[in-house]
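Please keep the sequence and the coordinates at hand while reading.

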Amino acid sequence: MNGFGGFLIRRTIGTLATLLAISVIVYVVFYVTPGNVAQITCGPRCSPEQVHQVAQQLHLDDPLYVRYWHFLQGLVAGQDYSTGTSVEHCSAPCLGLSYQTDQQVLSIILTRLPVSLSLVFGAMVLWLVLGVGTGVLSVWRRGRLTERVLTGLTLAGWATPVFVIGLVLMIVVCGELQLLPFPQYVKFTDDPEQWAWNLLLPWFSLALIESAAFARMTRASMLETLAEDHIRTFRAYGVSERSIVGRHALRGALAPVIALNANNFGSAVGGAVLTETLFGLPGLGQELVHAVSVVDLPVVVGMVLVIGFFVVLANAVADVLYAVADRRVVLT
């Protein structure tokens with residue numbers, strides 16, 4: 001259990017334990033609530049017979065731990081659902097059936113997930129390039145006009161809502177200049193070029209906001225690293241300032257940047273609601289808002305679990321990248 005292999009095993013076990021804890025919290029929050037859980041789950045338009053059927057599917061007459069066990073069993077091994085005249089098998093990981101459309105929640109999520117991942121992955125590349133690049137440049141030009149201008153732009157980007165940037169970009173780029181078409185999601189498998197072309201504005205809209213945080217984090221971390229003893233030693237040995245800033249200081253500042261990127265990526269998968277709504281992208285954010293508005297509880301629970309999974313996974317990957325990027329990290 002020593003070394004990097006043991007570290008990976010411990011992180012994997014910790015990740016699985018965290019996901020189990022999230023499933024417990026989600027179940028308690030959504031299914032152990034005051035009032036008629038079956039009525040809430042089924043929706044306001046359900047007949048008494050449908051409400052009774054939902055109550056049987058949720059095992060509401062069983063003790064709490066038995067009900068959670070059935071919920072967990074569905075995630076791990078799948079379960080059967082009665083649809084009135086027939087029985088439908090929901091394969092693992094089973095997140096239940098939508099009481100609005102009778103579709104499996106997992107199929108709804110898998111239909112929307114590529115849209116959200118396309119948005120977040122593209123924006124992530126841009127916010128890392130723009131944010132880290134701006135942070136490094138402001139440190140390299142510290143004390144000069146360039147640093148003050150970049151700091152002002154970073155603060156402006158941090159304070160501007162994403163829908164404002166998105167609207168301005170659409171008006172200027174799509175309307176006035178007509179450089180790009182108004183975004184319309186195209187599947188990557190259908191046309192990779194049109195997929196990227198139609199996502200450029202959503203990518204930049206989301207990335208410009210997030211890159212401000214990365215620029216500030218990179219700048220602060222690099223300035224802290226530049227004040228350490230080993231940097232003074234490099235200067236004493238005549239190492240060029242460009243090499244110190246671009247290589248040694250940047251590497252020492254990567255750990256907090258990796259942590260911030262993990263948090264941003266995980267939350268952006270389900271949290272880019274404004275961006276998806278503004279550009280008409282049918283992603284997880286839009287579906288989650290719709291499910292909440294129609295009280296489709298199984299879809300809401302499934303979305304929350306999937307978003308939680310991406311948050312935990314992103315942070316687990318970040319823990320591994322710590323050890324690669326910064327040798328000072330102790331593998332525990």
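By the cavity rule applied here, the count comes to one cavity of 30 Å³ or more. A cavity is a set of points, on a 1 Å grid over the protein atoms alone, where a 1.4 Å probe fits but cannot get out. Grid points are joined across faces, edges and corners, and a volume is the space filled by probe spheres set on the points. The largest cavity has a volume of about 240 Å³. Of the 19 residues that line this cavity, Tyr31, Leu58, Phe71, Gln79 and Tyr81 are the closest to its centre; a lining residue has an atom within 4 Å of a point. At least two lining residues come from each of α1 (3-31), α4, β1 (79-82) and α14 (297-325), and α4 gives the most, with three residues. The lining divides into twelve nonpolar, six polar and one charged residue. In this division Ala, Val, Leu, Ile, Met, Phe, Trp, Tyr, Cys and Pro count as nonpolar, Asp, Glu, Lys and Arg as charged, and the others, Gly among them, as polar.

The model is predicted: local features need pLDDT of at least 70 and side-chain atom pairs count only at pLDDT 80 or more, whereas totals for chains, interfaces and linings use all residues. Residues are numbered from 1 along each chain as its sequence is written, and side-chain values use heavy atoms, with hydrogens and water left out.

The protein has 14 helices and two strands; helices (H or I, at least four residues) and strands (E, at least two) are DSSP runs, numbered from the N terminus. Its C-alpha atoms fill a box of roughly 80 × 60 × 40 Å along the principal axes. Of the 332 residues, 40% count as buried, where buried means under 20% relative accessible area, exposed over 50%, and partly exposed in between (1.4 Å probe, protein chains only). Among contacts (heavy atoms within 4.5 Å) between residues at least 6 apart in sequence, 65% join residues at least 24 apart.

In soluble globular proteins, nonpolar side chains tend to be buried together. The largest nonpolar core here has 74 residues, and those with the most contacts inside it are Phe71, Trp127 and Leu201. Helix α5 (residues 105-140) gives the most to this core, with 14 residues. Such a core is a set of buried Ala, Val, Leu, Ile, Met, Phe, Trp, Tyr and Cys residues joined through side-chain atoms within 4.5 Å.

Helix α7 (residues 162-176) has 15 residues and reaches 20 Å from its first C-alpha to its last, close to the 21 Å expected; the expected span is 1.5 Å times one less than the number of residues. Its buried residues are Val162, Ile165, Gly166, Leu169, Met170, Val173 and Cys174, and they pack against α8 (192-226) and α12 (273-279). Leu201 touches several residues of this list, including Leu169, Met170, Val173 and Cys174. Leu201 also touches Leu180, Pro183 and Phe279, with residues up to four places away in sequence not counted.

| Residue | Helix | Relative accessible area |
|---|---|---|
| Gln57 | α3 (residues 48-57) | 16% |
| Arg67 | α4 (residues 64-77) | 13% |
| Glu287 | α13 (residues 284-293) | 8% |

Leaving aside residues up to four places away in sequence, Arg67 touches Tyr27, Tyr31, Val32, Leu58, His59, Leu60 and Asp62. Gln57 and Asp80 are 23 residues apart in sequence and 8.9 Å apart in space, C-alpha to C-alpha. Val29, in helix α1, counts as partly exposed at 49% relative accessibility. Val29 and Val301 are 272 residues apart in sequence, with 9.5 Å between their C-alpha atoms.

Most residues other than glycine have a negative phi, and most peptide bonds are trans. Gln178, in the loop between α7 and α8, has a positive phi near 55°. Gln178 is exposed, with a relative accessible area of 63%. A cis peptide bond joins Ala92 and Pro93, with omega about -5°. Pro93 lies in the loop between β2 (87-90) and α5.

Definitions and conventions
1 Å grid on protein atoms, 1.4 Å probe; cavity = no way out; pocket = protein on both sides within 12 Å on 5 of 7 lines; lining within 4 Å.
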